[in-house]
Structure formats: structure tokens, C-alpha cells
Amino acid sequence: MYQNFQKTVVALGLVTSLFISSCSNDNNDSEQSGGNENYVVMSGESTNPFSGYITSFGGELPIGTISNIKTSSKQLLGSLGMRTVGKYFYKMANFQSEKGVQKFSISSTGEVIDEGFIACGNAIQGSGQYTIVNETTGFYFDGDRGTLKIQKFNPKTMQRTGEIDLTGQITDNSVEYISVGQNCLMSKEGKLFANVHYGKSASKGFLDAVDDKIRFAVIDIAKGTLDKITTFNAGSPQQVCWFTDNAMWDLGDDGALYFCALGKVAGGASKILRFKAGQIDIDTAWKLEMDDYKVNGCFVNVIAKEGKIYTRIPSEGINANFSNLYGDIWQPAIIDINTKVATTISGIPLCEFKGNEEAVVEVDDKIHFLISNSSLDVNGVYKVEGTKGTRLFNLTQGGRIVGFGKSKQ
């Protein structure tokens, strides 16, 4: 268990670029990838360099007590989660924990295939932040190329294809540090939504918001041009989303983009906000306030499905010195989008922080929570049915559960 909040800096991928070999030889023949649907589990140790494993369980749903170390497993550094997009998986670092956009798939024999990597600089946290719009269109942030530029890439070829330079449209000489897309890149209805962060030169976007405005650059994807900078008065300095594979946003089945605003992290004001379907401004008539559920808590997870928000609410407020941030205080919960009533999901124990990696995912059209609680010897995945959770599997080898997904053809 981590002892203080400063270690989140490490968990954000600020690890030394180290080399570690795979448990199996790399196979770059993409013709072998995507043969069947595959359930994939990622696990990792809780301390730097976060070494862990990616394992395919084929088309058979893992259940019961399992190990995440097999002959076909891929060993890696910086094991802090992944995002599933169709038959591929992506993460914000390569297998040696170097920053960038990494794509991988699973071969017909269950081996992890490196499908390409776009390297980013190490100077700015959030480099490697990305979003996939479709098979040939993606965007990412690379602070070394310019904090007011959004990089374009082709997810099919994993090649950079240009950039959108907003320098002349966002520059404000009264602000020490400005970035666009560093914390959050989302898309819906032909628009790219990239957060605009006003911070300080010394911390470069790390919990350093200088005013209470949440800003997004809304970009027409087809034209590559800026439609507008939309602004929302949050009432308190806010950091939007984070720097890791836990995206902290979701395109709900109602067509709205939901995202987390961290507030003061240990001082309240955290929110879940949204861009409604058909809208390019943040919905001023709707928001979830963490302080309504737990004073000085913080939203760090969100999935929106069938009129519900799936998230976690801490059982106690976060201490000012962050001493309990990584404690087993995080309770899976469901919040009704319309009534805003929160319901604790029964059958799932309290969990450690998991704000830096995946903690809630949708697999087989069901919501699953990734749960690690060392005192209860729990380290696995729980499936949600209604307001009840049941354990799907528990890991005994390979480290903490940090990722679970299923490739789809």
C-alpha cells in the first residue's frame, strides 16, 4: 500500500525507462492477431517499476481462482491498466514503460502482439494521453511537441499524421502554463473535446489549476479546426481527469460524454459533469457533487449505462495529508442519473484507491469492478447485476488486478 500522495507522481508513469524481456518472444505478424475473441487480464505490482503481466484467457471467461502468469503471458513494466477498443488494446506507455501510445492484440495462440508504438517525450506528465475516434483517426498529447498542440495519428498504422496547433487561439500571457488535451481527450458526434488546463510553470499541470474555470477546446474533426473554447464555472479550482490509462470519462449509451473533475482531491468540490448528446457546451443543468455523498471525497471512475453512473464513493473523506487516499475505503456504487440517488453495490468489498489504473469496465455488456483489498485477500473482478456484485475471479499470482477486457471482432 502506498504511504503518501506524492507517490501518485510515480504511479502516473514517471518511472525510469527500463528494459524487461517478454515471457514469450515478440511476434509482429499482425496476420495472426484477432483470430478469436479474447478475455485479457492485466496485473502489476504496487511499487515502482510496477512490473506485471498481460495474459489472454482465450474465449473462455476466467472464473474462480486463477493465476495471471502463463507461458504465453507478456511481462512488462509500468503495468497500470489498458483500454479496450474493438479487437485491440491500448495503453499510455510501451512494455518498457516508456511514454507514448502503445497498441497490442492477442494472437490465435494467446500471445501478446505488439501492434505499434508512438513514442512521446518524458518532460510533461500526460504525454501519451490519447483517444481513438475510429479505425484511422486518433489524437494524442505530447508535451515535448508543444503543450498547445494536439497530435494526430492513424490507429491502424500507428503512425503520427500531423497536428492541430492551437497556439494562436489559446495563448494567454497572463497564465504561466497552459496545455490542451493533457488530461482529457474525448470525442462524440464528429467533435474532439480537449481539456484546456491553466496551471503553473513549476508543476506543469499537476493539481495546479489557477482558477475555477473548466475549459474545453471543441474541434471539428473532419476540418481540423477549432469551433470554440467552451467554459464552465466550477466554483473551485479543478483538474479534469488524470494522466493515466484510467480515462476518467465515458461516452454513455445516452450519447452524452461524462467526465470526472477532481476538485481539490482532499478538499472537496469533486464532480462528474457531462456534454449532452447534440451539445458542445457542458450541461449547466446537471452535475454530480461528490460532497453530496461524502464530504472531501473524490470521483475517479465513471461509466454511464442505462440511466446509471457506475463509480466509487469513499467511505470517508480524503485526509488533507492524503494519508488515507490509498486505504481500503473505496466503495463501488451506482448513482441514478436523473434522481442522483446513490446506492451501494452489495457483495463487493471496499477497495484500495485504483485511481491510477482501471477500476470499472464494461465486458460482455455487463459492468465489472476491479477490486484489491489485501486485508481480505481479495484481488480480482466482480460482476454487477442490478445492485449486487458477485466475484468472477480472484488472482493469486501476477500482482494486483489493474486491467480486464475482451477483444471484439
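Guide: The account below starts with the pocket, goes on to strands and ends with salt bridges. The model is predicted, so local features are given only at pLDDT of at least 70 and side-chain atom pairs only at pLDDT 80 or more, while totals for chains, interfaces and linings use all residues. Residues are numbered from 1 along each chain as its sequence is written, and side-chain values use heavy atoms, with hydrogens and water left out.

The largest pocket holds about 990 Å³ of space. A pocket here is an open set of points on a 1 Å grid over the protein atoms alone, where a 1.4 Å probe fits and protein lies on both sides within 12 Å along at least five of seven lines; lining residues have an atom within 4 Å of a point. The volume is the space filled by probe spheres set on those points, which are joined across faces, edges and corners. The lining has 34 residues, and Arg83, Thr84, Trp249, Asp250 and Leu251 lie nearest the centre. Strands S5 (83-85), S9 (130-134), S17 (249-251), S21 (303-305), S25 (360-363) and S29 (400-406) each give two or more residues to it. Strands are DSSP runs of E, at least two residues long, numbered from the N terminus. By class, 17 lining residues are nonpolar, seven polar and 10 charged. In that count Ala, Val, Leu, Ile, Met, Phe, Trp, Tyr, Cys and Pro are nonpolar, Asp, Glu, Lys and Arg are charged, and the others, Gly among them, are polar.

S9 pairs with strand S10 (residues 137-140) in the antiparallel sense over four bridges, where pairing requires at least two DSSP bridges between strands. The two form a hairpin with two residues between them, and Ile132 stands opposite Gly138 in S10. S29 belongs to an open, antiparallel sheet of four strands in the order S4-S2-S1-S29. At the S4 end, S2 (residues 52-56) pairs with S4 over three bridges, and Tyr53 stands opposite Gln75 in S4.

Glu357 and Arg400 form a salt bridge, with the closest N and O atoms 2.6 Å apart; the term means a side-chain nitrogen of Lys or Arg within 4 Å of a carboxyl oxygen of Asp or Glu. Arg400 is in S29 and Glu357 in the loop between S24 (342-344) and S25, 43 residues apart. Because its relative accessibility is 3%, Glu357 counts as buried, and Arg400, at 12%, is likewise buried. (Buried is under 20% relative accessible area, exposed over 50% and partly exposed in between, with a 1.4 Å probe and protein chains only.) A network of salt bridges links Glu352, Lys354, Glu357 and Arg400.

The whole structure has 22 salt bridges. Another one joins Lys228 and Asp281 (2.9 Å, N to O). Lys228 is in S16 (residues 225-233) and Asp281 in the loop between S19 (271-275) and S20 (288-289), 53 residues apart. Lys228 is partly exposed at 30%, as is Asp281 at 33%. Lys383 and Glu385 also meet in a salt bridge, at 3.8 Å.
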